[in-house]
Amino acid sequence: YENGGSGHVYGAELLIRHQMTDNFFGWLSYSYSVARRKDGPDEEERYFDNDMTHNLKAVVNYKPSRYWSFGLRYEYATGKPYTDLLNVETIYDVDSDDYRPIYGGPINEERLNPHHQLDLRIDKYWLFNHFILSTYLDVRNVLQNKNVTGIEYNEDYTDSEETLSVGSEVPLIFVGIKIDF
């Protein structure tokens, strides 16, 4: 093996933020980036494995009183690139008892589906002389959108299924207590 590759990355990010005034806080950020590489001098240029071209996040928080706070967070991101190995020719390795794909085509020509997610948070505050006690309810992925993080193949590459992130098919609910001194 030799580290003979080269690559380049370029992009930009925009952030708009509203400071806490009149009980409202929020921000919106968008980033655009492209990450490409060549694995060697005579190789075709391709996307890096973790290239994420578009990423949009929005956060809003409303605090109607000193005792309550309500917030939403939304995220949209493009899927990562991958190489589709479904039904490629394989060779069986007797020593390791597994199939190895034989593939010489373009790398990372496909892209996973983009994902979007909406999270909800509710905080309740109790004010004391020397500290603030707060409880919160945090619900992640309220809309139950699938976040595909990869593609898994069966042993001989004749079938595949999507790998999902934790909390992709059902919302994750967190309840907690926080003390600020």
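This is a predicted model: local features need pLDDT of at least 70, side-chain atom pairs count only at pLDDT 80 or more; totals for chains, interfaces and linings use all residues.
**Entry 1**

I began with Leu72, which lies in strand 5; strands here are DSSP runs of E of at least two residues, and helices are runs of H or I of at least four, both numbered from the N terminus. Leu72 counts as partly exposed because its relative accessibility is 38%. For these classes I used under 20% relative accessible area as buried, over 50% as exposed, and the range in between as partly exposed, with a 1.4 Å probe and protein chains only.

Residues are numbered from 1 along each chain as its sequence is written, and side-chain values use heavy atoms, with hydrogens and water left out.

I then asked which residues form a nonpolar patch on the surface. I found Phe24, Val60, Tyr62, Tyr67, Trp68, Phe70, Leu72, Leu127 and Ile132, with about 740 Å² of accessible area together. Patch members have over 30% relative accessible area and no salt bridge; nonpolar side chains (Val, Leu, Ile, Met, Phe, Trp, Tyr) are joined within 5 Å and like charges within 9 Å. Areas come from the Shrake-Rupley method with a 1.4 Å probe, and for residues only the protein chains shown count as cover. Strand 4 (54-65) and strand 5 each supply at least two residues of this patch. Strand 5 gives the largest share, three residues.

**Entry 2. Confidence**

I noted an average pLDDT of 93 for the chain, with 99% of the residues scoring at least 70; pLDDT is the predictor's confidence in each residue, from 0 to 100. Where is confidence lowest, and where is it highest? I located the lowest mean, 90, in strand 8 (residues 98-101), and the highest, 97, in strand 5 (residues 68-77).

**Entry 3. Salt bridges**

I searched the whole structure and recorded 14 salt bridges, each defined as a side-chain nitrogen of Lys or Arg within 4 Å of a carboxyl oxygen of Asp or Glu. In general, side chains of opposite charge can pair when their charged atoms come close.

Glu45 is partly exposed because its relative accessible area is 34%. Arg36, at 19%, is buried.

Next I took Arg37 and Asp39, which meet at 2.7 Å, N to O. Arg37 counts as partly exposed at 23% relative accessibility, and Asp39 is partly exposed with 31%. This pair belongs to a network of salt bridges that links Arg37, Asp39, Arg46 and Asp49.

I also checked Arg100 and Asp93, joined by a salt bridge of 3.2 Å, N to O. Arg100 counts as partly exposed, with 41% relative accessibility.

**Entry 4. Negative patch**

I listed Asp42, Glu43, Glu44, Asp84, Glu109 and Glu110 as a negative surface patch. In this count Lys and Arg are positive, Asp and Glu are negative, and His and the chain ends are not counted. The place of a charge is taken as NZ of Lys, CZ of Arg, CG of Asp or CD of Glu. I placed Glu43 in the loop between strand 2 (24-38) and strand 3 (46-47). Glu43 is partly exposed, with a relative accessible area of 46%.

**Entry 5. Positive phi**

Most residues other than glycine have a negative phi. I noted Asn23, whose phi is near 70 degrees, a positive value in a residue other than glycine. Asn23 sits in the loop between strand 1 and strand 2 and counts as partly exposed at 33% relative accessibility.

I also noted Asn108, with a positive phi near 55 degrees. This residue is in the loop between strand 8 and strand 9 (110-111). Is Asn108 buried or exposed? I recorded Asn108 as buried because its relative accessibility is 6%.

**Entry 6. Separations**

I placed Leu15 in strand 1 (residues 6-21) and recorded this residue as exposed, at 53% relative accessibility. Leu15 and Thr149 are 134 residues apart in sequence, and their C-alpha atoms are 26 Å apart in space.

Finally I looked up Lys38, which lies in strand 2 and is partly exposed with a relative accessible area of 29%. Lys38 and Tyr136 are 98 residues apart along the chain, and 47 Å separates their C-alpha atoms.
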